[in-house]
Each structure stands twice: as C-alpha cells, then as structure tokens.
Amino acid sequence: MAAGGRGSGRPAKKKGPSKGTGGQGRRSLEGRGATPPAEMRHWYKDKARAERVAREERGGSRRAAPTRSRRSEDTPEYIGGRNPVLEALQADVPANALYVAQRVDNDDRVRDSIKIAAERGIALLEVTRDKLDRLTEGAVHQGIALQIPAYDYAHPSELVDLAHDAGEPPLIVALDSVTDPRNLGAIARSATAFGAHGLLIPSRRSAGVTGGAWKTSAGTLATLRVARAANLTAALRDYRDAGLFVVGLDGAGETDIGEAQLLTEPLVVVVGSEGKGLSRLVREQCDVVTRIPMHASAESLNAGVAAGVALYEVARHRRR
C-alpha cells in the first residue's frame, strides 16, 4: 500500500529543512546597487565623441586642454584647425606631414590644404579623430593638423659670421623673457624687414620657434636664423668681447632710442618682456638702455611692436 499522503487518510511525514543557498537568494533581493554615473556607462564615450565632433564643426568653444608634459627639443609640433593649417601652408611653413581625419567634411579649406601639401611634396595621412586628439594634445583641430619639424637652432657665434659674410656691421636681436611665440614671430618679421642678421633667444623661460611663431612670422623664419643660448647673459658678454655693442630696450630706459649714439655700430638690440622689461643681469650687460618715447596714457608697447620701432630707428640711422 502506498505511503500516507494527500488522500491517503494518513498524516504526511514532516518535510525536513532544505539545503541552503549560501546566501544567493538573499543577495538576489538586494538589487544591483546605485545607478552608475554617466561616464561609466558603455554608451557615454560614443555620445561624448559625437558632441565634441559637432562642436568642432560649429567652431564652438574649446575644451580645457590637458596638462602638457615638457617637450623634447627634437619633438615635432602640430598646428590644428582648418584656418591655421591653411594659413601655415600658404606661408610656406616647413612641414613633414598633413593629417586629415577619416570622413572629414571636405570644405574649401581642407581641399586647398591638401592641394598645397601635394604640390609641396608633404606627406598626406588619413587618421582617426582619436589620433588627431592625441597629436594636438586635446586642442580643437576640426579634423586636420599639420606636423612641423623641430627647429634647428644656430650657435650664437654663427649670427656674427653671417654678418661678416655679407660685409655688413652685425645687427642681432636678442629676446629676454619673451615667452609668447607670436611675439617671437612678429619680431622675426620686423628683424627681416630692417636687415637684422638673426635672433638670439635663451633656452629657458623663452618662446621658441613653434607653430605659432612660424604663423606670425609670415614665412620670414625660413630665411632668418635663430640661435639659442644656454645663458643669455654669457652670450651677450661674448658678443661684447667680439666687438659688438649691446643696446637694451626697456620702458624704464633713460635714453630715447632715436638719440642713442651706437646705432650705426656692430649691434645687439635686446628686447625685454612687456610686463617685466629687462632682467637685472641682462641690463648689466647693456652699454645703454633705451626707451621708446610715447604718450603718457600708454604704459607700454607689445614686445613685437617695440622691437619693430627700435629696429626702424637702427635702419634709419644706418641709411644716413
């Protein structure tokens, strides 16, 4: 006869405790925790990238650039953006390669840049936008970037040799704490216009020949040599030992630039920064510190403008 159970008339045997789940049942009731933030969701990167591309195409605001690590002097630089790249190519800025993003909107600026690069024999590379982001260090590039080789700086003594080879009294422009590459480019443009034989910059706390300097110089850096000195004060001392006079340009100078008596001599014109002027050690190496006379309502001139005015005065005196 069957064992007792439902419908048997006998009481059923009491069922013993079931095997445990090890807490899995309890944990399944706890849910999956708090909703993760947007940046942790799988779709976030795609959405952020799409928004960034749309912003670049509209010419929108630039995102905060990441902190840059110190560049090696031999590291090439990159100009990003459709207008800057086209202007650099039109100004004959030396370049190694033109990078164009895949499926970029091919407007007139992109087409003209590709055409000029092809005519100049510059390598044309198609890359992803992520690659361009890395090359331009987060700057807005609008899908195009130009690689510029590291500049080959001259030795300070080479600038004097260039003047002697030309049979002319040396005219060298030295920059003291000028940190904006655009000022360096503007000064290079004025130096070329008024017959200088080269620029001298210190290796620290100074702008170098970067993409911004090339653009502002309007191509004149292709013909004007730039020398770099480990110690600007020592380089000026060497120039004085070689027979050159050093004329400083500073708003606190006591002599008007047009009244200086040394402008027809072998000369180094030292341009200080707009805010601080000449440093103490550089000032001590100057044979005379001059100023540009101007209206009292103007406190100072941009370093690039001041250099242009001073070099015009030097050229005017030498033409007499």
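Helices (H or I, at least four residues) and strands (E, at least two) are DSSP runs, numbered from the N terminus. Everything shown here is a predicted model, in which local features need pLDDT of at least 70 and side-chain atom pairs count only at pLDDT 80 or more, while totals for chains, interfaces and linings use all residues. Residues are numbered from 1 along each chain as its sequence is written, and side-chain values use heavy atoms, with hydrogens and water left out.

**View 1. Thr290 in strand E11.** Let us start with Thr290, which is found in strand E11 (residues 288–291). Thr290 is buried, with a relative accessible area of 0% (buried means under 20% relative accessible area, exposed over 50%, partly exposed in between; 1.4 Å probe, protein chains only). Beyond four places in sequence, its contacts (heavy atoms within 4.5 Å) include Val247, Gly248, Leu249, Asp250 and Ile257.

**View 2. The largest nonpolar core.** A nonpolar core is a set of buried Ala, Val, Leu, Ile, Met, Phe, Trp, Tyr and Cys residues joined through side-chain atoms within 4.5 Å. The largest one here has 60 residues, and Leu146, Val173, Leu175, Leu184, Leu199 and Leu221 have the most contacts inside it. Helix H11 (residues 303–318) supplies the largest share of this core, 6 residues. Apart from it lies another core of 20 residues, among them Ile172, Leu236, Tyr239 and Val270.

**View 3. Around Val173.** Zoom in on Val173 and you will find, not counting residues up to four places away in sequence, that it touches Ile187, Ala191, Ala196, Gly198, Leu199, Leu200, Val269, Val271 and Leu311.

**View 4. Asp112 in helix H4.** Asp112 is found in helix H4 (residues 108–120). With 37% relative accessibility, Asp112 counts as partly exposed. Leu86 is 26 residues from Asp112 in sequence, and the two are 7.2 Å apart in space, C-alpha to C-alpha.

**View 5. Stretches to read with care.** pLDDT is the predictor's confidence in each residue, from 0 to 100. Its mean over the protein chain is 82, and 76% of the residues reach 70 or more. Over residues 1–5 the pLDDT is below 50, and this stretch has 5 contacts in the model beyond near neighbours in sequence. Residues 60–70 also stay under 50, with 13 contacts beyond four places in sequence. Where pLDDT is low, the predicted coordinates should not be read in detail.
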